[in-house]
Amino acid sequence: MNSNTSAESNNNLLEVKNLETSFSIDGKLYNAVDNVSFQVKPRQIIGIVGESGCGKSVLSLSIMKLLPKGAGKIRSGEIIFDGVHLETMEDKEINNIRGKEISMIFQEPMTSLNPVFTIGFQLMEVLLNHHNITKKQARQKSVELLKSVGISRPEKLVDEYPHQLSGGMRQRVMIAIAIACQPRLLIADEPTTALDVTVQAQILELMKEIQEENGMSVILITHDLGVVAEMCDEVIVMYAGKIVEKTDVDTLFYEPKHPYTKLLMEAIPKMDEEVELLSSISGIVPSLKNMPEAGCRFADRCPKAMPECKYITPVLASLEDGHEVSCLLYDQSKPKEGVNV
Amino acid sequence: MTKKSAVMNEEKRDQDQETILQVNGLKAYFPVKAGFFGKTVAHVKAVDGVSFAIKKGETFGLVGESGCGKSTTGRTILRFLKPYEGNILFDNKDITELKGKSLREIRKDVQMVFQDPYASLNPMQMVGDIIAEPLKNYNKNKQKTELQTEVMDLLTKVGLPTDAYYKYAHEFSGGQRQRIGIARALALKPKLIIADEPVSALDVSVQSQVLNLLKQLQAEFNLTFLFIAHDLSVVKHMSDQIGVMYLGNLVEIANKEGMYEAPLHPYTQALISAIPEPDPRKKKRRIILEGDVPSPINPPSGCPFHPRCPFAKAECKEIKPVLKEVKPLHKVACHLY
């Protein structure tokens with residue numbers, strides 16, 4: 001890949017522009033990801049948060065071009081990785097990038113490893129695919145990789161099968177596979193959701209260590225705001241397929257702007273606070289088929305909703321210092337009094 | 001407050017609030033069978049000697065990581081499983097050995113809310129029938145119209161529209177389904193509800209709705225909860241007393257303040273320190289535990305936590321610590337105290 005092109009595109013490792021990914025239901029197309037744009041800089045950990053059904057996993061699958069064939073499709077928009085357009089790439093070409101330049105960790109360590117192959121085989125597969133090395137070398141490298149993710153007896157483990165390992169160990173193996181080729185971008189989709197807290201702490205620590213060592217960028221998809229606060233530099237909040245807020249992690253937690261972000265923060269029980277009842281958001285995320293055609297998608301659940309929220313669709317607009325919000329309460333075209341939330 | 005007056009206070013409280021559930025040395029073992037004749041070769045010691053008590057109207061939170069035996073404890077109390085050893089006193093009655101009719105009578109008073117709102121409701125039944133089922137079970141002669149009004153009442157109580165009666169479970173979201181499960185558990189006006197991870201399958205915004213509902217219902221009907229969960233912040237929000245389980249053992253019992261402000265057991269300390277806090281400015285000192293939870297078939301000798309404990313001493317390998325009160329209202333099973 002050409003390093004000149006990456007310098008031209010403002011040093012962004014990944015740039016997603018106006019991405020729309022749609023699914024066909026009963027012959028009609030519905031956008032699960034709707035007009036999403038963001039950038040990932042080198043060495044950056046960017047978090048994507050939102051409740052289930054808000055499109056965060058579909059977004060990551062779109063970037064990896066792993067959408068289920070026939071069901072999901074990138075409708076429009078651009079995905080530029082290091083100056084190269086991924087959205088128009090043929091499967092054959094993208095195979096050289098997938099697993100090597102960009103790799104992914106999935107939520108379910110139980111189901112994302114193949115149960116009929118040994119751990120070593122699955123690790124060597126990635127290495128042999130992308131490097132010109134012998135099987136013996138690949139095996140040696142696999143042992144080293146397993147060691148680097150904190151597995152205590154890697155020589156034995158390469159010959160074992162996934163069912164012989166605990167959930168935390170399997171996730172370590174998944175990470176070993178993902179970092180085998182030293183990718184420049186790692187997409188982690190809920191990597192610790194299926195794990196216990198003490199194991200989650202181990203895995204998060206490990207991911208941070210590797211990130212600092214390899215200098216890779218990470219897109220961390222999660223619904224856990226605690227994990228976001230711990231890991232991320234920047235955060236994107238998604239709701240119903242759209243980005244509603246985007247800012248650095250400190251601003252998000254201390255000066256959240258979008259009503260959805262605020263409510264989400266208030267709904268989690270805090271360790272150092274005592275309340276009788278938690279605040280909650282009424283209703284649920286609208287399904288793809290029931291998505292409002294116009295207006296803000298959160299309007300029905302929003303306690304701050306104004307009449308115009310129902311028909312004017314807000315756009316993601318910059319406030320200050322790169323803090324972007326998509327909400328009519330903050331629309332610059334409106335008089336300043338409206339900003340009083 | 002001196003220790004003596006605290007103890008006196010506790011005694012006073014004991015008199016004020018009667019104990020509704022008392023579990024003594026409860027063990028639940030599952031046999032591991034092998035060979036042609038299916039001989040029992042070992043036991044999975046899922047619950048290995050657990051004792052605690054819950055007072056009427058209170059919530060006892062049971063926390064621990066997966067595989068620590070918290071769900072098995074709940075199921076054994078409900079007598080879904082037969083205890084291997086120990087006894088269970090419910091409302092001052094020993095229910096450990098109950099069978100048939102008398103067990104059915106107890107089940108009326110002890111109900112359960114399950115974790116998975118997708119798997120715990122029959123997809124072929126109307127919601128109304130799901131909720132009416134326990135009512136029908138215990139009162140065969142009830143009129144259909146009477147049942148219907150009762151179910152509609154329950155639906156309103158859990159915050160669902162009454163037309164939910166004629167719908168099927170798949171038409172509802174996860175949070176609404178959990179409300180249906182709660183309505184079913186409430187139908188027989190139980191005294192104790194065992195809630196096994198009732199919100200772990202839900203999104204945060206919905207999770208808070210269900211937690212609020214449980215609290216409101218508790219106040220309204222003077223319910224007692226055994227609240228089983230792995231999420232420590234949720235347990236803190238819900239519980240009065242909290243018990244921490246590790247590998248089939250209760251390692252610490254305390255009230256909410258004691259448990260979170262001054263945890264004593266090294267495992268509890270690690271568990272609390274491992275929770276990622278939603279505050280980027282707070283960088284807390286984290287205790288990272290090494291390794292995984294050992295197998296309950298062959299638990300470590302002595303203290304079950306000693307192979308992972310940063311403070312393990314020689315005696316921890318040999319002698320199993322017992323749960324003892326080291327501070328008023330704060331029990332811990334650890335040789336450090």
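This is a predicted model: local features need pLDDT of at least 70, side-chain atom pairs count only at pLDDT 80 or more; totals for chains, interfaces and linings use all residues.
Figure 1. In soluble globular proteins, nonpolar side chains tend to be buried together.

**Figure 2. The contact between chain A and chain B.** The contact draws 35 residues from chain A and 33 residues from chain B. On the side of chain A that touches chain B, the elements giving two or more residues are α8 (197-214), α9 (225-231), α10 (249-254) and α11 (259-267) of chain A, and the largest share, six residues, is supplied by α8(A). Sorted by kind, the residues on this side of chain A comprise 18 nonpolar, 10 polar and seven charged. For the complex, the predictor gives an ipTM of 0.80 together with a pTM of 0.85.

**Figure 3. The crossing of helices α4 and α5 of chain B.** Helix α4 (residues 127-138) and helix α5 (residues 144-157) of chain B have axes that come within 10 Å and cross at roughly 115°, and the crossing of α4(B) and α5(B) is right-handed. From α4(B) the contact takes G128(B), I131(B), A132(B), L135(B) and K136(B), while from α5(B) it takes L147(B), E150(B), V151(B) and L154(B). Six of the residues in this contact of α4(B) with α5(B) are nonpolar, one is polar and two are charged.

**Figure 4. Helix α2 of chain B and the residue R79(B).** Helix α2 (residues 70-77) of chain B is mostly covered, with seven of its eight residues buried. The buried residues in α2(B) are K70(B), S71(B), T72(B), T73(B), G74(B), T76(B) and I77(B). R79(B), which follows α2(B), has a positive phi near 65°.

**Figure 5. Two loop residues with positive phi.** In chain A, D26(A) lies in the loop between β1 (14-25) and β2 (28-40), and its phi is near 50°, a positive value in a residue other than glycine. D26(A) counts as exposed because it has 6 other C-beta atoms within 10 Å, the cut-off for an exposed residue being 12 or fewer. In chain B, K189(B) is found in the loop between α6 (174-186) and β7 (192-196), and K189(B), although not a glycine, has a positive phi of about 50°. K189(B) has 10 C-beta neighbours inside 10 Å and therefore also counts as exposed.

Figure 6. The average pLDDT of chain A is 87, and 94% of the residues of chain A score at least 70; chain B averages a pLDDT of 89, with 95% of the residues scoring at least 70. Over residues 1-9 of chain A the pLDDT stays under 50, and for this stretch the model has nine contacts beyond four places in sequence. The pLDDT also stays under 50 over residues 335-341 of chain A, a stretch for which the model has five contacts beyond four places in sequence.

Conventions:
Residues are numbered from 1 along each chain as its sequence is written. Chains are lettered from A and ligands numbered from 1 in the order in which they are written. Two residues are in contact if their C-beta atoms, placed from the backbone, lie within 7 Å. Helices (H or I, at least four residues) and strands (E, at least two) are DSSP runs, numbered from the N terminus. Ala, Val, Leu, Ile, Met, Phe, Trp, Tyr, Cys and Pro count as nonpolar, Asp, Glu, Lys and Arg as charged, and the others, Gly among them, as polar. pLDDT is the predictor's confidence in each residue, from 0 to 100. Axes are lines fitted to C-alpha atoms, for helices over the stretch in contact, and angles run from 0 to 180 degrees between N-to-C directions. A crossing is left-handed if the near helix is turned anticlockwise from the far one by less than a right angle, and right-handed if clockwise. A residue is buried if 20 or more other C-beta atoms lie within 10 Å of its own, exposed if 12 or fewer, and partly exposed in between; C-beta atoms are placed from the backbone.
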